Amino acid sequence: MISIIIPTYNSSRFLGYSLTSILKQTYKDWEIIVVDDASQDDTNLIVEKFIEENNLNNRLNYCRHEKNRGVSAAKNTGIKAAKGELISFLDADDIWYPYKLERVINIFSKFPEIDLVCHNEFLSVNGAVKQKLDYSKKAARVNLRDNEQVYKKLFLVNFLSTSAVTVKKRCLERELFDETLIVAEDYDLWLRLSRRCKFYFHDEYLGEYRKIIDNSCSLSSDIKRMYKDAIKVLNKNRKWIGRGTFYSRVLQVYLQIIWRLLKMKCQSFTLRFH
């Protein structure tokens with residue numbers, strides 16, 4: 001069985017689409033664990049209605065944090081509650097295509113030594129597909145049997161996506177999400193897993209990483225936290241990476257953050273004069 005973990009916080013307007021994409025899966029041996037991180041919207045009502053309408057009393061587990069603890073804690077709550085031997089993550093605003101779980105299960109069956117499978121995704125913005133996210137292409141020149149090589153490549157660029165990853169639960173018995181991280185928590189976990197787990201990249205596009213552009217949500221404080229957490233993740237790996245590689249990656253992150261801040265200011269300027 002696959003345990004599907006959906007962390008959510010004030011995402012009730014998207015959650016129904018994610019849940020429906022699970023119902024449409026051709027592979028049916030799954031359970032859903034929705035972890036509500038103290039949402040202030042009607043998430044609980046959406047879940048209750050979904051359970052009732054689809055007779056999912058024994059297949060959908062709704063967990064709620066009384067206080068907002070962050071996405072890492074929500075994912076960890078889901079992992080601890082999971083009953084399946086495999087765990088798939090699905091962000092509340094993302095969706096899967098019907099054959100996603102079937103394809104993933106086939107890979108684990110064919111290659112029992114594999115611990116983690118990641119497939120490609122489409123990037124959609126406000127409901128329209130805009131870009132292919134080809135993680136398998138980024139991994140193509142990496143010897144996936146060599147954990148050290150995978151780790152070093154991953155340090156240079158994160159080529160996994162949470163909603164595209166399925167991992168054996170036993171791999172998470174020693175490695176959970178770092179609850180001190182608000183962002184980059186997935187990148188931090190992939191780096192730790194890459195040192196001892198076997199990865200596999202499937203070249204089909206089996207879901208959508210969905211972005212909803214809301215100008216009110218583009219806050220510089222969020223971007224600064226993104227930078228802070230990204231640097232924290234890099235520092236956690238500093239002793240295993242050469243000095244030159246480390247500082248090169250730090251510079252790359254710094255330039256990415258500067259670019260995002262400039263882009264945000266340009267958007268604000270455009271809005272002001274239209």
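This report describes a surface patch, aromatic ring pairs and charge-over-ring contacts in a predicted model.

## Nonpolar surface patch

A nonpolar patch on the surface is formed by Leu251, Tyr254, Leu255, Ile258 and Leu262. Together these residues present about 470 Å² of accessible area. Leu255, one of the patch residues, lies in helix H9, which spans residues 243-272.

Tyr254 has 42% relative accessibility and therefore counts as partly exposed, since that class lies between the 20% limit for buried and the 50% limit for exposed residues.

## Aromatic pairs

The structure holds eight aromatic pairs. Among them is the pair of Tyr227 and Tyr254, which is edge-to-face, with 6.1 Å centre to centre and 65° between the planes. This pair links distant parts of the chain: Tyr227 belongs to helix H8 (residues 220-236) and Tyr254 to helix H9, 27 residues apart. Tyr254 thus takes part in the nonpolar patch and in an aromatic pair.

Elsewhere, Phe89, Phe177 and Trp190 form one aromatic cluster.

## Charged groups over rings

Two arginine–tryptophan contacts are also described. The charged end of Arg59 sits over the ring of Trp30, at 3.7 Å from the ring centre. For Arg195, the charged end sits over the ring of Trp240, at 4.3 Å from its centre.

Note on methods
Residues are numbered from 1 along each chain as its sequence is written. This is a predicted model: local features need pLDDT of at least 70, side-chain atom pairs count only at pLDDT 80 or more; totals for chains, interfaces and linings use all residues. Side-chain values use heavy atoms; hydrogens and water are left out. Patches are made of residues with over 30% relative accessible area and no salt bridge: like charges are joined within 9 Å, nonpolar side chains (Val, Leu, Ile, Met, Phe, Trp, Tyr) within 5 Å. Accessible areas come from the Shrake-Rupley method with a 1.4 Å probe; for residues, only the protein chains shown count as cover. A salt bridge is a side-chain nitrogen of Lys or Arg within 4 Å of a carboxyl oxygen of Asp or Glu. Helices (H or I, at least four residues) and strands (E, at least two) are DSSP runs, numbered from the N terminus. Rings of Phe, Tyr and Trp (its six-membered ring) pair if their centres lie within 6.5 Å; planes under 30 degrees apart count as stacked, over 60 as edge-to-face and the rest as tilted. Buried means under 20% relative accessible area, exposed over 50%, partly exposed in between (1.4 Å probe, protein chains only). A charge sits over a ring if NZ of Lys or CZ of Arg is within 6 Å of the ring centre and within 35 degrees of the ring normal.
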